[in-house]
Amino acid sequence: MAQRNETIIKIAQTALMAALCFVSFTFLQIKIPLPGGDATSLHIGNAFCVLAALILGGWYGGLAGAIGMGIADIMDPVYITGAPKTFVLKLCIGLIVGLVAHRIAKINESKDKKYVFRWSVIASVAGLGFNVIADPLAGFFYNQYIMGQPQQMAEVLAKWSTGATFVNAVVSVFLVGVLYNALRPVLMKMGMIHTYKVKAA
C-alpha cells in the first residue's frame, strides 16, 4: 500500500511539473519567426524539465518535460508538427540529468550544500548540453526527411535553432542552479524528495 501511495504521489508531482513546463514554455517565451512559416524561441521551459529531473528523478522528470512541452507544441499551430521530436528530446534531457545527479552523484544522499550545488549544475549542463547538440540535428533531419523541407531551408532553421537553444541552455542552467538549491530544503520538508540519507562519514 505504501508503495502504491508513493507511486500516486510521484504521478501527481509529475503532472505538476508537466504543468509548469507547459506554462513556462507557452506564456514565457519570445518567439522568433523564421522563413517558411517556422519559428524558434527563447524560453525557460527546459529549466523546468531539468528541475523536474533533479526533484523527481530521470524518468519522472523526463516525462514531465516531455508531456508538458509536447502538449505545448501540439497546442501551438507553429510548433505542432515538431511535437514528436520535442517529446523525445525532453525525455532524454530528463534521463541524462537524472543519470548524472542521482545515479552518479547521488545528490539525494548528501546534505553537503556545496556538493549538491556543484552536481546539480553539472547535471544541468549535461542535460542541456545534450539538447544544444541534439535539438538542431534532430530538427534538421526531421524537417528535411519527415516534413520534406528543402535542404537549404532545413539548414537555415538548424542554425537559428542552435543559437536559440544555446541561449536557452545558459539561462536555464543559471535558473536551475538558483531554484533547485533554494527550494531543496523546502522540498525536503514537503516530502517531495523521498530518498534523502546522510552519507556515512
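Modeller: H2 and H4 are oblique to each other, a label for angles that are not under 35 degrees (roughly parallel), over 145 (roughly antiparallel) or 65 to 115 (roughly perpendicular). Their axes cross at roughly 40° and come within 8 Å, H4 being the helix of residues 83–104. Axes here are lines fitted to C-alpha atoms, for helices over the stretch in contact, and the angles run from 0 to 180 degrees between N-to-C directions. Helices (H or I, at least four residues) and strands (E, at least two) are DSSP runs, numbered from the N terminus.

This is a predicted model, in which local features need pLDDT of at least 70 and side-chain atom pairs count only at pLDDT 80 or more, while totals for chains, interfaces and linings use all residues. Residues are numbered from 1 along each chain as its sequence is written, and side-chain values use heavy atoms, with hydrogens and water left out.

On the H2 side, Asn-46, Cys-49, Val-50, Ala-53 and Leu-54 meet Lys-90, Ile-93, Gly-94, Val-97, Gly-98, Ala-101 and His-102 of H4, where contact means heavy atoms within 4.5 Å. Sorted by class, this contact has seven nonpolar, four polar and one charged residues. Ala, Val, Leu, Ile, Met, Phe, Trp, Tyr, Cys and Pro count as nonpolar, Asp, Glu, Lys and Arg as charged, and the others, Gly among them, as polar.

H2 (residues 45–56) also meets H3 (residues 58–74): their axes come within 6 Å and cross at roughly 155°. That angle makes H2 roughly antiparallel to H3. This crossing, of H2 and H3, is right-handed. Gly-45, Asn-46, Cys-49, Ala-52, Ala-53 and Leu-56 of H2 are in contact with Gly-58, Tyr-60, Gly-61, Ala-64, Gly-65 and Met-69 of H3. The classes in the contact of H2 with H3 are seven nonpolar, five polar and no charged residues.

Gly-57 sits in the loop between H2 and H3. With a relative accessibility of 13%, Gly-57 counts as buried; buried means under 20% relative accessible area, exposed over 50%, and partly exposed in between (1.4 Å probe, protein chains only). Leaving aside residues up to four places away in sequence, Gly-57 touches Ala-52, Gly-62 and His-102.

Beyond H4, Lys-106 is placed in the loop between H4 and H5 (113–146). Lys-106 is partly exposed, at 36% relative accessible area. The phi of Lys-106 is near 50°, a positive value in a residue other than glycine. Most residues other than glycine have a negative phi.

Now for strand E2 (residues 39–42), which contains Thr-40. Thr-40 is buried, its relative accessible area being 10%. Its contacts, not counting residues up to four places away in sequence, include Ile-30, Tyr-79, Trp-160 and Ala-164.

Asn-168, in helix H6 (residues 151–190), is buried at a relative accessible area of 4%. Again not counting residues up to four places away in sequence, Asn-168 touches Ser-41, Leu-42 and His-43. The side chain of Asn-168 reaches the backbone oxygen of Ser-41 at 3.1 Å.

How values were computed. Left-handed = near helix turned anticlockwise from the far one by under 90°. Polar contact = N/O pair within 3.5 Å; in protein donor to acceptor, adjacent residues only side chain to side chain.
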